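Let's take a friendly walk through this structure, with an eye on its rings, its helix packing and a few backbone details. Please have the viewer open as you read.

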Amino acid sequence: MTLSCDNHCVIEKLLQTPFSSLSYNEKLKIIEEGAPKPNLTLHTKMKSCTRHFNTSLYEAIPWLCGCDKLKKLFCWPCLLFSKEKHVFNSAGYNDINNIYKSGKRHGHSVNHIACLKEITLFGKNRRIEFSLSSQYKQSIEKHNEAVKQNRKFVGQLITAVCFLGSQGLAFRGHDESVASVNRGNYIEVLNMLARYDSDLHNHLESSTAFRGSSPDIQNELIHSVSELMTMEIKKEISKANYVSLILDETSDVMNKCQLASVLRYVTADGNVEERFLRFTDVSSDRSANSLFNHALEILNDFECGPKLIAQTYDGAAVMASQHAGVQAKIREQYPNAIFVHCYAHRLNLVLAQSASFIKEVKVFFATLSGFRTFFAKSTKRTEALDSHLRKRFPSIAPTRWQYHSRLAETVHEYREGIENLLVSIIEEPEEWDVETISSARGLLSLLRDFDFNFMLKIFSSIFPYSGALFKILQTKRSDIAFCNTKIDEFKHHMQRLRGGFDHLWSEMENVFDSNGPTRPKRIRIDSMSGEERKNSYKRLFCEIIDVVCQNVSVRFSENATLLFLSLLDARYFPMYRTS
């Protein structure tokens, strides 16, 4: 209760600014301070006397309050909460002679009682039903507790979905029945979590309405997580100034053509982000129009068409053609979207074409793959390889030449160990079958062949640099200028390597002179004199290096036109300002 009313009367403020328009904290402060009840200089003249205001009126009528400035009496609950206007919450009451009669009539009004209830319950988070029925209150509390538990349970389901998704693991099992030994990753993860959470365990055991383990629920959760991630990506893209589109096709295990869609952009804090969006089955129609419509659908869905400044695909005609390809059709819609042929794909083409142009190189890689095939076809051979070398041969992908480089580097690094293993297989015929011994003899002959080792030596000098360059070109944070620098360094290395033939030749001669005679396949070369033979291999060596250098120059010829893009690197912005 406020016994006095200062110069900043709260009643006068409430008449100017309604209580309902105030913030919750402001309302709570006014109610906690209480109604102002000053000693008013208020009187009413009668025929025989004059009646003066007395503070005892506040005790007789508890809801009464006064404003010393306005010299009026008001109803405090109605002043705060009433939606109906009357004298006690608008103009104010000043008839002291009839205050008791008017107060009694107002105190019994429906509107006043409703306002009295509002002020009594305000800030106590209680509803009138709770005051009238404790049983109803208990049912509400029980319902809220059930909602809390369900939210906790759904959160654990989402945790399982996110874990399996981030690890790239399958959700379903072949047999998800209760009697199954393996019910699938999703259910098994939930069972593992239930071991450490009694509430989750009880829910999975006793729930009859919603367990969260059905395939439909799994699909709904996956879709919900996907939608939420998509919303976050859209939020980031809405704040980005520039966006680029990346599309690439690949075949899955079902031999269906899947189109991967990626958006690349710079966030508000200057970080480069590449967001994978989806796989789309395009097996039925891989035409330029179909792929263009797919790209347009993504740009419209993420509302980033006007921000598109670049598009990146492989070099296939349907994608890269200047007249009817996807890139040309997109540039008709968005002229600023320059086309950039994927740098890593270009380097892959450089190595692939270098191998296909020269017969000797083509034969070398065909025979090189025989090492992995030999050991991969038999578990016994694989076990022998593990025990002798503690190293396995990497897999080979026909369209990914970095895998060929790993195989070549493995054979070069472990050549002596591989040779010893093959010798042991040949010398222990009782331990191996005829096919294994015959194949081992052929591979051993290759390892001791001068031509094979010559090729192995050349590409073991090339692949470490091409592999490092490939990783740089695949890194999302590498800018154009840095990539161009590394490409130039690779070309300079190839030129230095070209001038180092004599050193390579002397190494080859030292190795094979100490190991006895070679087993040449090319009789014409073997019949030549020493210097002629050296010149013949030198021509082959230079031809390999020149083809690689020529392909690098052709494939990356327009890089200089993209150097201006390095100006957009946010890391250099402070330097630009100081300069």
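## Overall make-up

Helices here are DSSP runs of H or I with at least four residues, strands are E runs of at least two, and both are numbered from the N terminus. On that basis the chain has 26 helices and 9 strands. Keep in mind that this is a predicted model.

Of the 579 residues in the chain, 40% are buried. Among contacts with a separation of 6 or more, 63% are between residues 24 or more positions apart.

How many aromatic pairs does the structure hold? There are 28 aromatic pairs. One of them joins Phe364 and Phe452, with 5.3 Å centre to centre and 50° between the planes, a tilted arrangement. This pair links distant parts of the chain, since Phe364 belongs to helix α16 (residues 359-376) and Phe452 to helix α21 (residues 450-474), 88 residues apart. Is Phe364 buried or exposed? Phe364 has a relative accessible area of 3%, so it falls under the 20% limit and is buried. Phe452 is buried as well, at 4%.

Phe450 and Tyr537 make an edge-to-face pair, 5.2 Å centre to centre with 70° between the planes. Because Phe450 lies in helix α21 and Tyr537 in helix α25 (residues 530-555), the pair ties together parts that are 87 residues apart in sequence.

## Charges over rings

Elsewhere, the charged end of Lys234 sits over the ring of Phe302, 5.5 Å from the centre.

Two packed helices are described by the angle between their axes and the distance between the axes. For helix α12 (residues 288-301) and helix α14 (residues 326-333), the axes come within 9 Å and cross at roughly 45°. The two are therefore oblique to each other, and their crossing is right-handed. On the α12 side the contact is made by Ala288, Asn289, Leu291, Phe292, Ala295 and Leu296, and on the α14 side by Val326, Lys329, Ile330 and Gln333.

Helix α9 (residues 185-195) and helix α10 (residues 198-206) have axes that come within 6 Å and cross at roughly 130°. This arrangement is therefore also oblique, but the crossing is left-handed. Here Leu190, Asn191, Leu193 and Ala194 of α9 meet Ser198, Leu200, His201 and Leu204 of α10.

## Positive phi in loops

Most residues other than glycine have a negative phi, and most peptide bonds are trans. Asn255 is not a glycine, yet has a positive phi of about 60°. Where is Asn255 found? Asn255 is in the loop between β5 (243-251) and β6 (257-266), and is exposed with a relative accessible area of 66%.

Arg390, again not a glycine, has a positive phi of about 55°. Arg390 has its place in the loop between α17 (379-389) and α18 (401-413). At 74% relative accessibility, Arg390 is exposed.

Note on methods. Residues are numbered from 1 along each chain as its sequence is written. This is a predicted model: local features need pLDDT of at least 70, side-chain atom pairs count only at pLDDT 80 or more; totals for chains, interfaces and linings use all residues. Side-chain values use heavy atoms; hydrogens and water are left out. Rings of Phe, Tyr and Trp (its six-membered ring) pair if their centres lie within 6.5 Å; planes under 30 degrees apart count as stacked, over 60 as edge-to-face and the rest as tilted. Buried means under 20% relative accessible area, exposed over 50%, partly exposed in between (1.4 Å probe, protein chains only). A charge sits over a ring if NZ of Lys or CZ of Arg is within 6 Å of the ring centre and within 35 degrees of the ring normal. Axes are lines fitted to C-alpha atoms, for helices over the stretch in contact, and angles run from 0 to 180 degrees between N-to-C directions. Angles under 35 degrees count as roughly parallel, over 145 as roughly antiparallel, 65 to 115 as roughly perpendicular and the rest as oblique. A crossing is left-handed if the near helix is turned anticlockwise from the far one by less than a right angle, and right-handed if clockwise. Contact means heavy atoms within 4.5 Å.
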